[in-house]
Each structure stands twice: as structure tokens, then as C-alpha cells.
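Please study the sequence and the three-dimensional model shown below before reading on. The paragraphs that follow lead from a single residue to the chain as a whole.

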Amino acid sequence: MLWADVKQHFSFPEDKEEIFKDWVMKKMAISFQTFKKNLNKDYIKKGHVPDFEKHFKKQRPFWDAFVQYKLSETSEKRTTQAKENASKKIHFHHLGQGGYSTVIPKWQKMEDDLTARGIVPATFDWPQRAKHFFYAHGGSLKPEDGSLITSDAIREAANRLDEALKAVSEGSFKPDREKDELTYALGTPEHTGRVRGMGVVP
């Protein structure tokens, strides 16, 4: 229904429609989430009720249910868990709005340029997920010799990743699905819905 409404106002190349749709729906999801957060922050947490004659007329039929949920034990538990998870996050990516899809070709070109000059990148035998995570969080390769360039924020994780890769080659560590080299290096488990080094995937 939402996409049909968008198409009434915009036209897209037929061969690119699915790409546009995917991007638009993600933006809508973020906007809707932000909208609900602001309603909770500006009204419910302050004990206020909107003047539905002036604002949020379409939300009036759903307001009581929304308030009831936000004040419920379930909502409180989810909020507490989200804050706890956020407090543990120490690595922040630098991908921009385009996400992984726009930067992966640039990373590949960086490695290909080194290989073309007879230089083996330090990330040559890294698993794809670990490689992407390293680059996305500020890591890079020296153009002179292909060695690692690490920021202070990711240096410890990069060192642990190197240890994990050596352990794999020696046979003392066996990666298994989400318990792989990157998870070992970061020291924290994966969460459903988003895979580090890959983005949003099923």
C-alpha cells in the first residue's frame, strides 16, 4: 500500500524499481521508528496528550493502545535491553547512507590495485565478513606494501582477528556459523536481524 502511494508521485526505471523500493521501504521504516520515539519522548514520558484537533489527527484512534504498550512491562524490558546493548557497543562503522553496497566495490578496487602491482594484501585470506567489518570501521591497507592500517578504536579487535586466523590455520580453532573469527575477535555474540560485516540480511 505504501509503495503504491509512492508510485503515484514518482516514476522509476523499470529495471531499477526493486532497488528503489528496497531503499524507500528502509527509509520509511526508520522514519516510522523515529516518529514513535518522538511521540513517546515528547508526550508519554512527560504525561502529556496531544491536541488531536491540531496535531496527529490520524493517530487519535490508536493513541490509547500506543500509550498502553509504551507503559507496559514488555516495552520497559525491551527499552532496558536496548540501552544495555547500546552501552556495550564500542565499534562504530563509517559507511554513510549507502551502506555496504556502495563501499564494497571501492574496497575491492583497493585490493585489486595492490594485486596488480604484485603486492599481496594483508587481508587476502581473511573471511569476507571479517574483511568487510575491518574496512567499515576505519581499517585500510597501505598502498606501499598492503599491510594493515588500523585506527585506535579497532586495533585490539584487528589483533585478536589475526590471532583467530592463525589459530584456524593451525587447527586449534574451528569457525562455526556465527561463532567465527570475527565473533572471536570482537568478543560479543551476533544479534538477529543484522550481521556484522554484512549489513541487514535474512
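**A tyrosine and its surroundings**

Setting aside neighbours within four places in sequence, tyrosine 135 is in contact with Trp107, Met110, Glu111, Thr123, Ser140 and Leu141, where contact means heavy atoms within 4.5 Å. The model is a predicted one, in which local features need pLDDT of at least 70 and side-chain atom pairs count only at pLDDT 80 or more, while totals for chains, interfaces and linings use all residues. Residues are numbered from 1 along each chain as its sequence is written, and side-chain values use heavy atoms, with hydrogens and water left out.

Tyr135 also belongs to the largest nonpolar core, which has 17 residues. A nonpolar core is a set of buried Ala, Val, Leu, Ile, Met, Phe, Trp, Tyr and Cys residues joined through side-chain atoms within 4.5 Å; buried means under 20% relative accessible area, exposed over 50%, and partly exposed in between, with a 1.4 Å probe and protein chains only. Among the residues with the most contacts inside this core are Trp107, Trp126 and Phe134. Helix H5 (100-116), helix H6 (128-136) and helix H7 (152-170) are the elements that give two or more residues to this core. Apart from it lies another core, of six residues, which include Leu39, Tyr43, Ile44 and Phe66.

Phenylalanine 52 is placed in the loop between H2 and H3. Is this residue buried or exposed? Phenylalanine 52 counts as buried because its relative accessibility is 13%. Leaving out residues up to four places away in sequence, phenylalanine 52 touches Lys57, Gln59, Arg60 and Trp63. From phenylalanine 52 to tryptophan 63 the C-alpha to C-alpha distance is 9.9 Å, and the two are eleven residues apart in sequence.

Finally, the chain as a whole may be considered. The protein chain has eight helices and four strands; helices (H or I, at least four residues) and strands (E, at least two) are DSSP runs, numbered from the N terminus. Along the sequence, the pattern is α-α-α-α-α-α-β-β-α-α-β-β. Of the 202 residues in the protein chain, 27% are buried.
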